[in-house]
Amino acid sequence: MTHTKEELDEILAFGTSLARKAGDKIQAAFLQNKNIQTKSCNTDLVTETDQQVEAMIIQDIKQCYPKHKFIGEESVADGLKCDLTDEPTWIVDPVDGTTNFVHRFPYVAVCLGFCVNKERTLGIVYNAVSGQMYTAIKGHGAFCNGKPLKVSSETDLKKSLILAEFGSARDQESLDFVFENLRSIISTPVHTIHCMGSAALNICAVAAGQAEAYFEFGIHCWDYCAASLILDEAGGVSLDTEEGELDLMARRILAAANNSIASALSSKLVHKRLPRD
Ligand code: LIP
């Protein structure tokens, strides 16, 4: 199945208004006390807002596009299969940066990726606190609140600001892996490394030219589907950490302003394969 540009524009308009509606719910709950639960471990958090916002997003999409399929972070947590087929499929993270949301750290996003024939076709990442709406349609550029996005022109890893994350695992092996990579990168040396707590907003920061690269192992398709298309459309590169083509189910990403930064960064990392989504 293919979509015309007009159809994709229509889907984008629907998606951005849905992301705003979801963002309003996140905003309303942002300063309130939250009902916090844990998922895979004590530091993998979920709130009732994550669950309610995902349910609302899926209900609205079903109403408007009854044939479309879904992969949603909280639905998968509830046992639904993470099944990406050729059918038009929304890949949804209702609150990317749940730990930030819990702590009122204003770096929290609604992510709506849209794939057709398993290809990233449209991406929306909405920072629900700042109101920045990042959007892209494949082949038609990337925008933040309607203004074109452009990546950094820096090609020297040593002059780069790198974004990374600790992830939620706290077992010794996972921590050793994270610290080995952080040590390797910071001692390159790079200008600095920041950990901001939202994979999607990290990738959008690379798309906006505010950072040269971001990498992470152990994330999920809903964390990077939408944002990685936005980065590609801003002129950057979304790759597998070993520099191959990005694999939405491989749970790892190297997002960079250009191939020089991507290659230099990839060569500094130790890599691991994860159970697929
Ligand atoms: C989070 C990511 C974060 C990553 C965490 C987690 P969530 O997403 O955006 O960067 O380090 O492991 O995946 O759970 O807040 O949607």
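## A tour from the cis proline to the ligand

Start by selecting Pro189, which sits in the loop between helix H5 (172-186) and strand S11 (192-194). Helices here are DSSP runs of H or I with at least four residues, strands are runs of E with at least two, and both are numbered from the N terminus. Before you go on: this is a predicted model, where local features need pLDDT of at least 70 and side-chain atom pairs count only at pLDDT 80 or more, while totals for chains, interfaces and linings use all residues. Residues are numbered from 1 along each chain as its sequence is written, and side-chain values use heavy atoms, with hydrogens and water left out.

Now show the backbone around Pro189. The peptide bond joining Thr188 and Pro189 is cis, with omega at about -5 degrees.

Next, pick the ligand. There are 14 residues around it, and Asp96, Gly97, Thr98, Ala199 and Glu216 come nearest (a residue counts as near if one of its heavy atoms lies within 4 Å). Look for the polar contacts, meaning pairs of N or O atoms within 3.5 Å. A ligand oxygen is 2.7 Å from a polar backbone atom of Thr98, and a ligand oxygen is 2.8 Å from a polar backbone atom of Ala199.

The angle runs from 0 to 180 degrees between N-to-C directions.

For another helix pair, select helix H1 (residues 5-30) and helix H2 (residues 48-64). How are they packed? The angle is about 155 degrees and the axes are 10 Å apart, so H1 and H2 are roughly antiparallel. Among the residues making the contact are Phe14, Leu18 and Ile26 of H1, and Val53, Met56 and Ile61 of H2.

Last stop: Glu243, in the loop between strand S13 (237-239) and strand S14 (252-256). Glu243 isn't a glycine, yet its phi is positive, at about 80 degrees.

Methods
Parallel < 35°, antiparallel > 145°, perpendicular 65-115°, else oblique. Contact = heavy atoms within 4.5 Å. Polar contact = N/O pair within 3.5 Å; in protein donor to acceptor, adjacent residues only side chain to side chain.
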